Amino acid sequence: MSMTKAADQEGPRCSCTALRKATRRISLFYDAALAPAGLKTTQRAILAQILRSQPTTVGKLAEALVMDSGGLAHTLKPLERDRYIATAIDPADRRNRLISLTPRGIEKLAETDALWAGAEAGFEAAMGPAKLAALRDALAFLVSDGFTASAVQKSPVPR
């Protein structure tokens, strides 16, 4: 059996690969829905999280989004360039930058609301109520500290 065929057969049993493929597929779906507004799914998620928690630091924002701070800092640059966000030095701790939405960022986020709602409606219709509820429960567990603790504890990989 060739390596490619073996890898194809292993793919469905690899949870990480299956999740990454599903995430890419869903991101493409939502990115297409947001294209008229000129934002990517990740950018909208960042703007929405900043709105919920502004002003916020890069570290707190990264934690809320379950992202690496370095990767997030890279993703923030175009949002700052396009004047959707503003950064300022934190007066309480000058080592931190505080991130806030600008009026232009609030407008851009609002511009995407109907596009996002349409994508959500399509996603929910395709999934159906039962699968959607099960998916949301599973996803909530996957991003929880409980999952991380359990997976690390049960992993046969040396730490």
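**Reading salt bridges in a predicted model**

Q: At 73% relative accessibility, does Arg-95 count as buried or exposed?
A: Exposed means over 50% relative accessible area. Arg-95 has 73%, so Arg-95 counts as exposed. Keep in mind that this model is predicted.

Q: Which side chain does Arg-95 meet in a salt bridge?
A: Side chains of opposite charge can pair when their charged atoms come close. Here Arg-95 pairs with Asp-93, at 2.9 Å from N to O. Asp-93 is partly exposed, with a relative accessible area of 23%.

Q: How many salt bridges does the structure hold?
A: The count is 6.

Q: Which parts of the chain does the pair of Asp-113 and Arg-44 link?
A: Start with the contact. The closest N and O atoms of Asp-113 and Arg-44 are 2.9 Å apart. Now place the partners. Asp-113 sits in helix H6 (residues 103–127), and Arg-44 in helix H3 (residues 41–53). They are 69 residues apart, so the pair links distant parts of the chain. Arg-44 is buried, at 10% relative accessible area. Asp-113 is partly exposed, at 40%.

Q: What separates Glu-111 and Lys-108 in helix H6?
A: About one helical turn, because they are 3 residues apart in that helix. Glu-111 and Lys-108 form a salt bridge, with their closest N and O atoms 3.2 Å apart. Lys-108 counts as buried at 11% relative accessibility. Glu-111 counts as partly exposed at 41%.

Q: Which residues are linked in a network of salt bridges?
A: Glu-120, Glu-124 and Arg-136 are linked in this way.

Definitions and conventions
Residues numbered from 1 in each chain as written. Predicted model: local features only at pLDDT ≥ 70, side-chain atom pairs only at ≥ 80, totals over all residues. Heavy atoms only, no water. Salt bridge = Lys/Arg side-chain N within 4 Å of Asp/Glu carboxyl O. Helix = DSSP H or I, 4+ residues; strand = E, 2+ residues; numbered from the N terminus. Buried < 20%, exposed > 50% of the residue type's maximum accessible area, 1.4 Å probe, protein only.
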